[in-house]
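Work through the exercises below on charged side-chain pairs. Each task is followed by a solution in steps.

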Amino acid sequence: MSKILIVEDERSVAEMLKTCLERQGYMVITAETGAKALDWIKEVKLDLAIVDLGLPDISGLEVCQAIKGNPKTSCTPIMILTGNVTNEARIKGNMEAHADLYLNKPIELADLRAAVGNLIEKAEKKKLLLR
């Protein structure tokens with residue numbers, strides 16, 4: 001069962017995403033702060049991280065950089081979810097965060113399910129090639 005970490009400070013958004021993905025058979029962990037996300041990253045082997053950039057303590061960008069900067073989690077795909085971002089900011093954010101996908105809120109649940117499935121499948125294929 002694939003494990004997904006959702007880093008989202010808006011509880012209603014986090015619960016909606018969690019419910020949607022659990023119905024698809026994923027194990028979902030949520031963190032409302034960047035600090036809690038960093039704790040989970042140390043404890044659990046993740047298959048995907050979905051990160052909101054606007055967190056109350058540290059930025060989502062710092063969470064992404066921590067994931068990609070740790071040899072144990074550097075191959076974990078990252079999906080960034082955030083609102084009201086220009087294309088220029090999206091491109092810059094992708095490069096700084098090493099994100100695999102960048103989606104604007106609000107997101108359609110069908111788009112979320114498809115994106116999550118694609119990222120996890122791509123990561124699994126990459127792991128097989130690296131063996």
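**Exercise 1.** Find the partner of Lys105 in a salt bridge, and state where the two residues lie.

Step 1. A salt bridge is a side-chain nitrogen of Lys or Arg within 4 Å of a carboxyl oxygen of Asp or Glu. Lys105 meets Glu8 at 2.8 Å, N to O.

Step 2. Lys105 belongs to strand S5 (residues 101–105), while Glu8 sits in the loop between strand S1 (3–7) and helix H1 (11–23), 97 residues apart. Helices (H or I, at least four residues) and strands (E, at least two) are DSSP runs, numbered from the N terminus.

Step 3. Buried means under 20% relative accessible area, exposed over 50%, partly exposed in between (1.4 Å probe, protein chains only). Lys105 is partly exposed at 22%, and Glu8 is buried at 2%.

The model is predicted: local features need pLDDT of at least 70, side-chain atom pairs count only at pLDDT 80 or more, and totals for chains, interfaces and linings use all residues. Residues are numbered from 1 along each chain as its sequence is written, and side-chain values use heavy atoms, with hydrogens and water left out.

**Exercise 2.** Characterise the salt bridge between Glu32 and Arg11.

Step 1. The N to O distance is 2.7 Å.

Step 2. Glu32 lies in the loop between strand S2 (27–31) and helix H2 (34–43) and Arg11 in helix H1, so the pair ties together parts 21 residues apart in sequence.

Step 3. Glu32 is partly exposed at 34%; Arg11 is exposed at 56%.

**Exercise 3.** How many salt bridges does the rule give?

Solution. The count is seven.
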